[in-house]
Amino acid sequence: MAVTDQNIFVMVFLSIFSLFIVTSNSCVCLLVISKKALRTTTNWLMVSLAVSDILIGGVLLPVYLIEPFSIVTGYLVSVILLSGVANLCAVTYDRYVAVIKPLEYPYRAPKIRRRAPLLSWLLSSIYSLLPLFWNADVNLIVHKVYMICLQVFGIIVPYTLMTLAYVRMFMEVRRGLTRNEHLKSFRVHNHEGRRLSSDAKVAKVFAIFVLAFLLCWLPIIYITTAKIVNRDDVIPEALSVSSLFTVATCSLLNPLVYTFLKPDFKKAICNFFRTRSPTNTVLNGRGVSSEGGMRTKMNMAENSIVNVMITILSVIVVAANVTICLLVVANKSLQTYTNGFLVSLAVSDILLGAVLFPVFLTIPESATSGYIVSVILLSGVTSHCCITFDRLIAIRHPFSYSYLIQKYFTKVLLTAWVVAVVFSLIPLCWKADSRLLIHKVYIFVEIVIFIFVPYMLMFVAYCLIFATLREHFKIVQEMTVSTSRREQAKRLSSEAKVAKVCLILIATFVLCWLPIIYMTSATALGRPDIVPVLLPNISIFTLGLSSLINPLLYTFKKEDFRTAVRKIFRRNMNAQIHPISGNTHYREVKQFDNKKSFLHHC
């Protein structure tokens, strides 16, 4: 894919998808390997499915980004699709035996665990490579027969059988639960009822897998079917691009479903966070821990899982916020003073992902992390003050806005960062010794003067902003219907939306940083015992969440960003439509070669 201003956003977005898919599914694999309770036959089959998802993020998407018309792309799609279907069949068979023939399951489970993944990958790989015998020539009848067989025996028949299997399973569970209701007095039947209930939950999870997989792969199946019958004209122009995102979404959904819906995974993750000791991330190197700021010894595999999770969060935070900065730099329509302040906030978020998290991963007990946290927190607060100042002038003094903001923009932005950095480094004068009285005074000054007071003033400012907008709306409604009235109403509506987005940014920032502020306050008071055990661990992820929410809010809530993103997608799709020489009609040039089958390219 050529790197142009039309498709750079799509490339960045797919790259983020790719990283997230690989790391999240790798976490699932590591969790199963490291936790003995999770090493069941069903979960090993899920690991096989996760490997299929890792191939999507680690191989298919990178190959597509480098060379979308490569012959490799089609074979990869075919292998991943068929291996996914085969793995889902294996999981369904495993659950079917467990529910329908529970007494035979302990004897069959080892065979299923050994044979099912091997057969799934072997058969899908062999069948996907068969077109090599005729060079995947789509004009040959044998290729059309091959594609029909793939659709029928590789998708339709397996899904029909899986549907029947799940219907039978749910009917059996329902019969078992009804039977158990009449025999509650016997302990064995109470145990049987719990087993049936557990099997029903697991069956529901995999039924969701099967349905989500089918829905997400439907665009590719539809494109392939249209090409088999030589009806490229019925393929919507956006479907080729969107199909990549639906496939990637499927690979992202799987680990989320494991984590939040599968009981054993949910229990393992909850236990992991309960037993893990607190981290040491507070302001200016001041440790907070219920055990003196020291971590308890823990399993190396558990450590690696958390490190992987923080690493992926770091990469996504940096990538998302760098994308925002690139959007503002590349689009003239986005180069406003308000967006300049938002870029300042994005730089603060980039520091969190690119500096704080790596420092925490490499030297978790380092005093450096405290200073970085303080700089990022205070720079975020000062950036919010700048944004609020900008919006207040724009709405309260619209006629002098251009003059004032042009005059003071650079000075205000520079002052914001200088104040944040200088104040964060003041504790170096006394080596950030938390036992000294001056340090406790410094902490309270930071919390009150640099956090509490600014946010109270921002709250008052937004009250004034919305009150002013309300008054202006009333004035506009009293005006006679005219072009001027419509323009004024449109401008006020736009200003109100921007103010709401900025207010949401501030609210989410405060909520996500509250754990750090609370822990710092508790330490300054000499009461680390009132800090909940899980709070230091959670605080790391709330910081990352804050930095992830910001670019999402810009993209989906702020009108100028949304318009710019839409234009990029529109230009990207228009770049794929070329005029046929000699007449005024247009033909669609898909992301994949329109002379070949979607799954196999020559």
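# Cysteines, salt bridges and a charged patch

The structure holds 0 disulfides. This is a predicted model. The count of salt bridges comes to 5. A positive surface patch is formed by K111, R113, R114 and R115.

**Cysteines**

- A disulfide is a covalent bond between the sulfur atoms of two cysteines.
- What is the distance from the sulfur of C27 to the closest cysteine sulfur? The distance is 9.2 Å, and the partner is C29.
- A disulfide needs the two sulfur atoms within 2.5 Å. The sulfur of C27 is therefore too far from that of C29 for a bond.
- Is C27 buried or exposed? C27 is buried, because its relative accessible area is 12% and the cut-off for buried is under 20%.
- C429 is exposed. Its relative accessible area is 71%, and exposed means over 50%.

**Salt bridges**

- How many salt bridges are there? The count is 5.
- E104 is partly exposed, at 35% relative accessibility. R108 is partly exposed too, with a relative accessible area of 28%.
- Which residue meets R391 in a salt bridge? The partner is D390, and the N to O distance is 3.0 Å.
- Both D390 and R391 are buried.
- D529 and R527 also meet through their side chains in a salt bridge. Here the distance from N to O is 3.0 Å.
- D529 counts as exposed, because its relative accessibility is 52% and the cut-off is over 50%.
- R527 is partly exposed, with a relative accessible area of 39%. That value lies between the cut-offs for buried and exposed.

**The positive patch**

- Which residues form the positive surface patch? They are K111, R113, R114 and R115.
- Where is R114 placed? R114 is in helix α4, which covers residues 105–129.
- R114 is exposed, and its relative accessible area is 53%. A patch residue needs over 30%, so R114 passes that cut-off.

Key: Residues are numbered from 1 along each chain as its sequence is written. This is a predicted model: local features need pLDDT of at least 70, side-chain atom pairs count only at pLDDT 80 or more; totals for chains, interfaces and linings use all residues. Side-chain values use heavy atoms; hydrogens and water are left out. Patches are made of residues with over 30% relative accessible area and no salt bridge: like charges are joined within 9 Å, nonpolar side chains (Val, Leu, Ile, Met, Phe, Trp, Tyr) within 5 Å. Accessible areas come from the Shrake-Rupley method with a 1.4 Å probe; for residues, only the protein chains shown count as cover. A salt bridge is a side-chain nitrogen of Lys or Arg within 4 Å of a carboxyl oxygen of Asp or Glu. Lys and Arg count as positive and Asp and Glu as negative; His and the chain ends are not counted. The place of a charge is taken as NZ of Lys, CZ of Arg, CG of Asp or CD of Glu. Helices (H or I, at least four residues) and strands (E, at least two) are DSSP runs, numbered from the N terminus. Buried means under 20% relative accessible area, exposed over 50%, partly exposed in between (1.4 Å probe, protein chains only).
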